[in-house]
Amino acid sequence: MSTLSTHILDTAIGKPAVGVAIRLEQLQSGKWVTLTQGETDTDGRLKNLGGGELGPGQYRLVAQTGEYFAITQRETLYPVAQIDLILPADNLHYHLPFLISPWSWSTYRGS
């Protein structure tokens, strides 16, 4: 089983994005099923999504960036940032950070 974590950095202010709601979903029988949800901590992290028991399959991380920017009194072009991914049967750790700003977002595979 693979493990998954994420980290959200607000590149516009150069700080972790605290309190961003994130949902982990898996595609099961053609439908997206929510596996877990939570919020980023004071370091902008959400560790061990799915409890460390993620088998091979198609998943997605959905970050509610619009709510975060509203709380910080900023408008945004992207109210949601979503990473779609396929986990192979390799039993590795996947760290998928979000880099967000009010006008853009991106991701990469971290360590």
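Buried means under 20% relative accessible area, exposed over 50%, and partly exposed in between, with a 1.4 Å probe and protein chains only as the setting. This is a predicted model, in which local features need pLDDT of at least 70 and side-chain atom pairs count only at pLDDT 80 or more, while totals for chains, interfaces and linings use all residues. Residues are numbered from 1 along each chain as its sequence is written, and side-chain values use heavy atoms, with hydrogens and water left out.

**Figure 1. The whole protein, to get our bearings.** Starting at the N terminus, the order of elements is β-β-β-β-β-β-α-β-β-β-β. The radius of gyration is 14 Å, close to the 13 Å given by the globule rule for 111 residues, so the protein is as compact as a globular protein of that length. That radius is taken over C-alpha atoms, and the rule is 2.2 Å times the number of residues to the power 0.38. The C-alpha trace spans about 40 × 30 × 20 Å along its principal axes, and 39% of the 111 residues count as buried.

Figure 2. Asn91 sits in the loop between S7 and strand S8 (93-95). Asn91 counts as exposed because its relative accessibility is 53%. Its phi is positive, at about 55°, although Asn91 is not a glycine.

Figure 3. Look for Asn48 within strand S5 (residues 45-54). Its phi is near 50°, a positive value in a residue other than glycine. With a relative accessible area of 43%, Asn48 is partly exposed.

**Figure 4. Ser5 and the residues around it.** Ser5 belongs to strand S1 (residues 2-10) and counts as buried because its relative accessibility is 7%. Setting aside neighbours within four places in sequence, Ser5 is in contact with Leu46, Lys47, Asn48, Leu49, His93, Tyr94, His95 and Leu96; contact means heavy atoms within 4.5 Å. The side chains of Ser5 and His93 are joined by a polar contact of 3.0 Å. A polar contact is a pair of N or O atoms within 3.5 Å; within protein, one must be able to donate a hydrogen and the other to accept it, and residues adjacent in sequence count only if both atoms are side-chain atoms.

**Figure 5. Ser2, also in strand S1.** Ser2 has its place in strand S1. At 1% relative accessibility, Ser2 counts as buried. Its side chain and that of Asp90 make a polar contact of 3.3 Å.

Figure 6. Thr76 is found in the loop between helix H1 (65-71) and strand S7 (81-87). With 25% relative accessibility, Thr76 counts as partly exposed. Not counting residues up to four places away in sequence, Thr76 touches Gly66, Phe69, Ser101 and Pro102. A polar atom of the Thr76 side chain lies 2.9 Å from the backbone oxygen of Pro102, and the backbone nitrogen of Tyr78 lies 3.2 Å from a polar atom of that side chain. Thr76 and Ser104 are 28 residues apart in sequence, while their C-alpha atoms are 8.5 Å apart in space.

Key
Helices (H or I, at least four residues) and strands (E, at least two) are DSSP runs, numbered from the N terminus.
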